Amino acid sequence: MSTRRLRGWLKPSLGTLFARYFFATMLVELIIIIGFGFLVTKLYENSDRDGKLQFMNGTVSLIREQLAQTPHRDWDRKLADIARAFSYPVKLIAHPPDDFEPEGHAALQGGRPYLDFDSQLLYVPLPHDPRLLLLGPLEAPASNSSWISEDMEILLLWILLTGSTLGTLIYFSLRPLWKDLLEVRRKAEVFADGDFSARAQPSKSRLLAPLSLAFNSMAARLERQMETRQALSHAIAHEIRTPIARLRFGLTMLEEEEDEQEWRRYREGMERDMQELEELFNTSMEFAKLNRNEVPLHWETVDLYDWFDDLVDLVTPLKPPGIALELDCALGNGAFDRKLMYVASRNLLLNAFKYANAQVRLTVCHNASGQLLIHVDDDGCGIPEAERDKVFEPFLRLDRSRDRATGGYGLGLSFVKLITEHHGGQASVSASELGGARFTLRIMQPQQ
């Protein structure tokens, strides 16, 4: 994602973000209130109907007694007189409306009053008369002079109060989050523009604290990878100059040389230079793959003494004359990738052969934490303490006096460090009791 697209993606302001969360929260709240009110109405509808019927029992009984004492022909006049004492109409009807509920018919046929809760009309059957007594509407309709109902006023007041409270909480909750996001965004833009040292400040909010930590961790890893790749590319460019210069010189000499023996000698030298270039590129590619963790790790449990004894036999032919190689290996098992550990151990021993005067010692054991320790000591000149951290850098050769025949490409110890870290361990260098340098590999062992 480009810097321009990143800025466009994070363009919304704090006000926009607040509005989105606020209106979404209020909409959810309104839906919850309406749904809860509807649910409560349905759940308590029958209870309210029964309560109102019980409340009206006394009124119904009183009207029935009055009608029982009055001749049938005078019932309408009597009801008109009774209705003056009530705030709702009281009259006789021949039958219920056509859309009357079946539940109401069943109640009336059973001689029980029925309350139409929606219309607030009370239907009362009369003894010895097919007509029905109708009371209501029991509740007066809302006045038309008010454009908003009382329930709506309560709802709006509730929304206003909760909205202001929630809005304040949302704003002050989002504000530190937004500041942290802006900080990460600014550092991401700086990082995307090429400043790989950019790091975000620690987040003040707990919610986004992992984000800034993850960004800083990612930036640190990318910075290290970029530095390694840049150093690798610069080093490769530097290393290939010498064989290319020799190839160019060889081509010039081939064109001018007439002696067949000398011509063949220059041709063989050019073939060696081409082989050297190929080995350099292959070694650099393997180093880059290992640095990117693209080499799979195959853990195997081995007998330590047998494995390192075989290693000593394999490297002994490469040992210079006059150098003694000693193995001090503890009995027991260890776990590592055989192929990678062979490369790391072999490189350490070959490096020790270069600098040792007369003795190299390979020590293998476990420490108290269960780590596998591999020490390679020599009695050479050692490594100055100020340069020990640099010894594992790629293409670095502390001994500038050595030529290519013995100096290699300067990747041997870099391979050692990468292979050890690939095993979850650590490579280090210190002073040896033999007088030279001690290289130590700490290899983590998998849990059993």
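## Salt bridges

Because K417 and E421 stand four residues apart in helix α12, about one helical turn separates them; helices here are DSSP runs of H or I with at least four residues, strands are runs of E with at least two, and both are numbered from the N terminus. The side chains of K417 and E421 meet in a salt bridge, at 2.7 Å from N to O, where the term stands for a side-chain nitrogen of Lys or Arg within 4 Å of a carboxyl oxygen of Asp or Glu. K417 is partly exposed at a relative accessible area of 30%, and E421 is partly exposed as well, at 40%; buried means under 20% relative accessible area, exposed means over 50%, and partly exposed lies in between, with a 1.4 Å probe and protein chains only.

This is a predicted model, in which local features need a pLDDT of at least 70 and side-chain atom pairs count only at pLDDT 80 or more, while totals for chains, interfaces and linings use all residues. Residues are numbered from 1 along each chain as its sequence is written, and side-chain values use heavy atoms, with hydrogens and water left out.

The structure holds 11 salt bridges, and the table sets out some of them.

| Pair | N to O distance | Location |
|---|---|---|
| K417 and E421 | 2.7 Å | helix α12 |
| R186 and E183 | 3.2 Å | helix α5 (residues 150-192) |
| R438 and D377 | 2.8 Å | strands β11 and β9 |

R438 and D377 have their closest N and O atoms 2.8 Å apart. Since R438 lies in strand β11 and D377 in strand β9, the pair ties together parts that are 61 residues apart in sequence. D377 is buried, with a relative accessible area of 0%. Elsewhere, D74, R77, D81 and R84 are linked in a network of salt bridges.

## Nonpolar cores

A nonpolar core is a set of buried Ala, Val, Leu, Ile, Met, Phe, Trp, Tyr and Cys residues joined through side-chain atoms within 4.5 Å. The largest one has 38 residues, of which F308, L349, V360, L362 and F439 touch the most other members. Among the elements that give two or more residues to this core are α9 (304-315), β6 (324-329), α10 (338-355), α12 (412-422) and β11 (437-443), and α10 gives the most, with seven residues. Not counting residues up to four places away in sequence, F308 touches L327, C329, F336, S345, L362, V364 and I374, a contact being heavy atoms within 4.5 Å. A second, separate core of 19 residues includes V60, L115, L122 and L126.

V302 has its place in strand β5 (residues 300-303) and counts as buried at 4% relative accessibility. Its neighbours within four places in sequence left aside, V302 is in contact with W307, G332, N333, G334, F336 and R338. One of these, G334, is 32 residues from V302 in sequence, yet their C-alpha atoms are 5.6 Å apart in space.

Q371 is found in the loop between β8 (359-366) and β9 (372-378), and this residue too is buried, with a relative accessible area of 19%. Beyond four places in sequence, Q371 is in contact with C365, H366, R442, I443 and M444.

## Overall make-up and confidence

The protein has 12 helices and 11 strands, and 37% of its 448 residues count as buried. Among contacts between residues at least 6 apart in sequence, 66% join residues at least 24 apart. The protein exposes about 28,000 Å², of which carbon and sulfur atoms supply 56%; accessible areas come from the Shrake-Rupley method with a 1.4 Å probe, and for residues only the protein chains shown count as cover.

The average pLDDT, the predictor's confidence in each residue from 0 to 100, is 78, and 82% of the residues score at least 70. Over residues 6-10 the pLDDT is below 50, and this stretch has six contacts in the model beyond near neighbours in sequence. Residues 400-407 also stay under 50, and for them the model has 10 contacts beyond four places in sequence.
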